[in-house]
Amino acid sequence: MIDQDDFPEESEIHLRDYLRVIKKRKAIVLTFAVITIAVVLLATLATTPLYRASAEVLIERNYDTELTGGRGYVPYDPEFYGTQFNIIQSKNVVRRVVEKLQLDSRYRHYFLQPEQTSLFQPIKDGLGAIISALLPAAGEEDGEAGGAAALTPEKLSDAEIITGMIRGGMAAKPINNTKIVVISYLHENPAMAQLVVNNIAEAYMDEMLDIKTHASNYTIEWMTLKAGEEKTKLEGSEKALQQYTRDQDLVTVENKMAIIPQKLREFSSQLSRAQAEARQLQDVYQQISDAGDNLAALEAIPSFTANATLQAMRDDILKAQQHIGELSKKYGPKHPLMIKAVDERDMLVREKKNEIIRIKRTTENDYKLATAKAVNVQALLDLTKNDLLNLKERFIQYDILKREVDTNRVLYDALVSRIKQQSASEQTQTVNIWVVKKADLPMGPAKPRKGRNMMLALILGVFGGVGMAFFVEYLDNTVKSPEEVERRMGVPILGVIPVPAKKDDDAVAIVKNDPKSLLAESYRSMRSQVLLSSAEHPPAAMLVSSVTPQEGKTTTAANFSRILAQADNSVLVIDCDMRKPRLHKVFGVANQEGLSNFLSGAIEAPPIATAIGDNVHLITSGPIPPNPAELLSSRNMVSLLEGARAKYDHVILDSPPVMSVTDGQILSRLVDGTVLVARSGQATWEQLQHGVKMFTDVHAHLLGIVLNGVEKGHADGYYYQGYYSYYGDEQDLKG
């Protein structure tokens with residue numbers, strides 16, 4: 001049994017596959033190539049021959065270093081030649097040629113054909129006159145004079161039309177690694193092509209001279225006007241600078257500019273010292289403020305502790321205390337010596353307190369003085385900075401006015417110098433132009449190039465046809481190749497049945513009447529494959545079905561049964577297609593009673609038709625019942641197959657297409673193997689894959705696929721592999 005998940009993926013396409021596609025679609029390739037070549041050939045023959053005349057012109061830029069003030073080097077200018085090419089093909093240059101040669105009058109017939117009067121011209125003229133009469137009236141009503149003239153497009157003159165035609169046939173291309181430019185022109189008349197090209201070179205030189213002259217005159221006029229404006233600006237800026245110098249007394253202020261920076265440095269140094277002293281006293285002042293009136297806390301402050309007077313007082317108090325201690329050992333507290341000693345000690349304590357208070361006040365005063373000093377020095381520094389800024393502002397404005405004077409003077413001097421240079425180089429050409437080679441009379445047409453056109457048509461036709469063939473092949477999703485069926489579906493090919501040599505030939509009649517035909521040989525190959533598909537014994541009961549209608553399953557069942565019978569096998573064919581039966585028509589028998597009568601119980605025994613060939617018997621479908629699927633899944637169908645297996649060597653069942661109804665799936669469970677028929681060029685890959693999946697879903701034994709109606713070019717290998725002779729004599733295949 002084949003599982004749907006086992007379907008192999010598409011393998012890599014090889015060169016032989018591409019060649020097969022080209023061979024198969026060779027009609028498309030040849031048709032496309034022939035049409036392409038024919039169209040190109042007709043277009044080439046219908047094209048009017050054009051003659052090309054070419055002149056060579058040397059173009060180089062003029063770098064006159066003495067007049068232009070250059071230094072002798074040539075600057076890189078990548079746009080120079082592109083600009084010259086556009087000027088050569090410009091409307092002004094071509095218009096010069098038209099006017100010089102009088103192409104719009106003398107040679108008009110070489111460019112413009114005489115106008116042919118149309119049958120409808122009077123009608124057009126009448127309508128034009130009516131519109132011209134109505135439009136001015138409409139304009140007058142709207143208060144717009146001349147409205148009709150604005151709507152009417154201006155008609156081009158003959159000179160303008162001829163100018164456009166010449167520009168369309170012109171070309172200007174450089175010769176590699178040179179300064180020479182080839183100017184060419186295409187025309188139907190070779191003499192006219194030569195005449196126009198030779199005059200284009202002269203018109204180009206005249207145009208360049210006019211451009212230079214016009215540009216120089218305009219430049220000198222503009223620079224003269226600009227120089228007058230710059231002179232007025234220069235005089236005004238000089239007067240403003242002089243007046244500002246006088247008003248601000250900038251001459252005496254320069255001495256102050258030298259003194260103020262020195263004062264700034266001194267004040268900055270004093271401010272730093274004052275701020276440092278204030279910060280140092282601020283810490284002591286903060287400690288005093290935190291201590292308040294607590295003498296012990298004040299005395300513990302480092303600056304108080306380090307005071308020499310307080311240290312001496314502490315020593316005296318300590319000595320007085322020691323003296324009192326010595327006297328207390330001898331005398332009582334009321335002894336005069338004790339009283340005197342205590343009074344001296346208290347006096348020292350009071351003096352120390354007064355000293356602490358004095359130091360506290362002194363420190364506070366020093367802190368306030370230091371803070372005030374820092375503020376005063378800061379004020380002096382700020383005042384000095386303001387003075388310096390005021391002076392700098394004066395000098396900034398002075399510098400601005402002076403720069404304006406210098407700028408105006410430079411611009412004025414540059415304009416005066418440029419006017420002198422431009423006047424000297426006014427007659428000097430900026431581009432040097434020489435005609436190196438005049439155009440010769442063309443001897444042969446330049447267009448069309450018949451050989452090249454036909455070669456391109458051949459290449460385009462062949463490659464376009466191949467591309468079209470592959471595109472058609474890509475769009476064609478039908479089954480054709482047996483090799484591709486085996487590769488993509490993973491199901492063996494049991495047989496490849498070719499189409500009959502003549503479209504109207506009956507395949508059943510061919511196999512019956514011409515057993516040695518290629519069609520009969522294909523069914524013999526199918527028989528060999530089917531009988532050898534099982535390892536133990538050939539399948540006895542087989543179902544023949546298809547995915548969709550009209551794929552040849554009934555014809556395959558009939559011919560397959562006949563080929564089996566030719567190997568001395570008894571064969572019973574049962575038409576199980578009780579919806580659209582055809583086997584009775586193929587074999588030419590009546591269908592009044594058949595399988596449906598037996599399965600429904602209307603008759604007790606199946607109506608087996610008389611022998612329709614050697615060893616071949618048939619059970620027709622009978623009348624079409626309302627419930628074919630229920631009848632095929634009944635017990636009577638099982639008993640019928642059991643009896644047929646015992647009596648016949650092979651039983652062939654023809655069922656409806658599997659995608660239409662479930663009859664085929666039901667019958668596939670009752671037989672030994674199923675043969676799926678697919679018509680080449682009709683069944684799509686999606687349909688075939690879906691049909692295989694439907695049988696594998698019900699666990700049917702799918703023997704393989706028979707590819708029916710195959711064109712010879714799609715399966716050449718299968719026609720000549722010699723299946724019939726390879727598997728031995730027909731007598732060996734009897735099972």
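Which residues form a nonpolar patch on the surface, and what accessible area do they have together?

A: The model is a predicted one. In this model, the nonpolar patch on the surface is formed by Met 455, Leu 458, Ile 459, Val 462 and Phe 463. Together these residues have about 470 Å² of accessible area. Met 455 has its place in helix H15, which spans residues 450-475.

The sheets of the model may now be described, beginning with the four-stranded one. This sheet is open, its strands follow the order E2-E3-E1-E4, and the pairing is antiparallel. Strand E2 (170-174) and strand E4 (431-437) stand at the edges; each has a single partner strand, so one side of each lacks a neighbour in the sheet. On average, neighbouring strands of this sheet are turned by 30° against each other, direction ignored. Helix H4 (residues 80-88) packs on the sheet and touches strand E1 (51-61) as well as E2, E3 and E4. The direction of H4 makes about 135° with that of E1. Within the sheet, five bridges pair E2 with strand E3 (residues 180-187) in the antiparallel sense. As to individual residues, Ala 172 has Ile 183 in E3 as its bridge partner.

A further open sheet consists of seven strands in the order E5-E11-E10-E6-E9-E7-E8, and here the pairing is parallel. Its edges are taken by strand E5 (493-498) and strand E8 (616-619); each has a single partner strand, so one side of each is left without a neighbour in the sheet. From one strand to the next, the twist averages 20°. Strand E6 (residues 541-546) and strand E10 (residues 673-679) run parallel and are joined by five bridges. Leu 543 stands opposite Thr 674, a residue of E10.

Helix H16 (residues 482-489) lies across E5 and strand E11 (702-710), and H16 runs at about 150° to E5. Helix H25 (residues 685-697) lies across E6, E10 and E11, with a direction at about 170° to E10.

Note on methods. Residues are numbered from 1 along each chain as its sequence is written. This is a predicted model: local features need pLDDT of at least 70, side-chain atom pairs count only at pLDDT 80 or more; totals for chains, interfaces and linings use all residues. Side-chain values use heavy atoms; hydrogens and water are left out. Two strands pair if DSSP finds at least two bridges between them. Helices (H or I, at least four residues) and strands (E, at least two) are DSSP runs, numbered from the N terminus. Axes are lines fitted to C-alpha atoms, for helices over the stretch in contact, and angles run from 0 to 180 degrees between N-to-C directions. Contact means heavy atoms within 4.5 Å. Patches are made of residues with over 30% relative accessible area and no salt bridge: like charges are joined within 9 Å, nonpolar side chains (Val, Leu, Ile, Met, Phe, Trp, Tyr) within 5 Å. Accessible areas come from the Shrake-Rupley method with a 1.4 Å probe; for residues, only the protein chains shown count as cover. A salt bridge is a side-chain nitrogen of Lys or Arg within 4 Å of a carboxyl oxygen of Asp or Glu.
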